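Me: I would be grateful for a close look at a single part of this complex, namely the place where its two chains meet. Please treat the matter as one connected account.

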Amino acid sequence: MRSLNLSGFAFLFALLTDHHHALYIHFNMLGRVLAIAGNAFREAVRDRVLYNLVLFVLLLTAAAIFIGELSGGQERKIIVDFGLSAMLLFGVFIAIFVGIGLVYKEIERRTVYAIFSKPVGRGEFIVGKYLGLSLTLLVNVVLMGAGVSLALLYVSRGADPLVWTIWPAVFLIYFELVILTAVALLFSSFSSPALSALLTFFVFIIGHFSSDLKGLATSLGSTAPRFFFTVTYYLLPNFANYSFVTPAAHGHVPGVQHLAGSILYALLYVTVILAATILIFSRRNFK
Amino acid sequence: MVLGLTGFVAIARWLDTHRPKIDTEIQQESLYLTGNALRRLSLSFNGLVADWYWMRSLQYVGGKILNAPAHVQLDDLGQLDLKLLAPMLDVATTLDPEFMEPYQYAAVVLPAIDEEEAIRITKKGIAANPAQWRLHQHLGYIYWQRGDYAAAGDAYSQGAKIPGAPPWIEAMKARMAAEGGSRNFAREIYTRMYEQAGDSKIKETARLRLLQLDSMDQRDVIRKLVAIYQTRVGRCPASWREIEPLLRAARLPLVGGRPIDPAGTPYLLLTDKCDVDLDPVSEVPYK
């Protein structure tokens, strides 16, 4: 756990100070993490996770063809709303159901013993698995974004600024999914798959109610409940920062500050959640 | 499998035809959720839910028009029981306040059903979109329709102050006080509506209203000609042929010696009343 938290700084230090041995160790560690990540990605592909793209494309094609008759000239807006919402929904299902299975399956199949009999740390295992699923989600989101752009080109019968302006919203969705995957991984490190799925889904829902939590905290008179809601507001991920689907459908693009802040928030949140996951996972007894 | 499939499709069809009709009271039951409640519950899918309510309102109106005993114009649906239209448009615009089409629909269709709700929804849109001059145009249209030319002029005046508003909106404000009730002014209003409508049904309504205005002008000319004939001959013309030279001199469009309305259908000559009327089969709206 400690080595993982310090690894980034140690790696940088080794690189700057020409500590070849330390550099070798960290390259090795990075190699192991990437190997696990690559494996997790291949496993997701083998498990036909990306097959959801077929369903997505079918839905989008049907929407692009039929929505014109139903929408009163609002095909473009509806394609963006529909495409990005489906992207989020499919991504949430992948993040939850594949995310909770990442560790659980290895324990259930007892392959975790084979992995840990090699020089692989538990932290490396968790980070590798997490990066593997994040890569799967990235591929998924990028392909879906391309699908939405193509559908827009089809309904607009040519160039459409929305084809490009939706992409910041697509990446915000990706970062929301990245946070949710980390949360799923955290829950799966100490509870059953069913409970993990339920808890992660609750976090997804409550994360979209963050503004209400804050509102509750400020409107309450007594200190204890106000403290409770304030802490809950800051502890749970604030997914409102990543909800940019509706403005994107009107051609709005998030500001650079909003985008950078949201990405930084996601990276820090994921780091903390992964650290907690590694802490729990490191203390887990597999016997 | 094929037998099973055929069987359940046949049963589904039988059930569809034998299902007791749903009571209109139940069909028209108020929406359970308000826009604000739905906004919270829809998480980040509010744009998609707004689209759903928008399409539902189009289907709702379309269904009522199809089941109406006689052909009705989109801006004259007061006789149809469209209780749910205002709540549905309200929900759509609360979920996605930048969604412009429901506001236009509220301005064109809703006044015949619930004028106050049409004004409220449009004003809500103005509050949420202070940079949209079109919403002031919609508000001006509602006031103009009910004959409140001062309020209509004020709405156009507010719209004219918004950067990017076209110069004609300023001219509309000026003309409203002087000729708010004139046909020429109505022609101007429907021409603008036709130019800007995204929804094909609203475009069609504007087109028909323009045809109606042209037809009113034509009928006024024909009435004058019939009156001239009556003064000269001492009786009403028995057929169009008798006043054909007068019609030709007035440069009215004729087919087979009979004047035709802007939709191409010949007018009816009311020989007993010395008057002219639209043929009921004509596309030009009667009222």
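How many residue pairs are in polar contact across the interface of chain A and chain B?

Reply: The model is predicted: local features require a pLDDT of at least 70 and side-chain atom pairs a pLDDT of 80 or more, whereas totals for chains, interfaces and linings use all residues, and side-chain values rest on heavy atoms, with hydrogens and water left out. Residues are numbered from 1 along each chain as its sequence is written, while chains are lettered from A and ligands numbered from 1 in the order in which they are written.

Across the interface of chain A and chain B, the rule finds 7 residue pairs in polar contact, both residues being at pLDDT 80 or more. A polar contact is a pair of N or O atoms within 3.5 Å; within protein, one must be able to donate a hydrogen and the other to accept it, and residues adjacent in sequence count only if both atoms are side-chain atoms. The side of chain A that touches chain B draws two or more residues from each of α3 (52-70), α4 (75-108), α9 (193-207) and α12 (245-249) of chain A; helices here are DSSP runs of H or I with at least four residues, numbered from the N terminus. Of these, α4(A) gives the most, with 7 residues. By class, this side of chain A has 10 nonpolar, 10 polar and 3 charged residues; Ala, Val, Leu, Ile, Met, Phe, Trp, Tyr, Cys and Pro count as nonpolar, Asp, Glu, Lys and Arg as charged, and the others, Gly among them, as polar.

The rule also finds 3 salt bridges between chain A and chain B, each a side-chain nitrogen of Lys or Arg within 4 Å of a carboxyl oxygen of Asp or Glu. In the one formed by D96(B) with K77(A), the closest N and O atoms lie 2.7 Å apart.

As for extent, the contact (heavy atoms within 4.5 Å) takes 23 residues from chain A and 19 residues from chain B. About 1800 Å² is buried between the two chains, 63% of it from carbon and sulfur atoms; this is the accessible area (1.4 Å probe) lost when two parts are put together, summed over both.

Regarding confidence, the predictor gives the complex an ipTM of 0.79 and a pTM of 0.79. Chain B averages a pLDDT of 88, and 97% of the residues score at least 70; pLDDT is the predictor's confidence in each residue, from 0 to 100.
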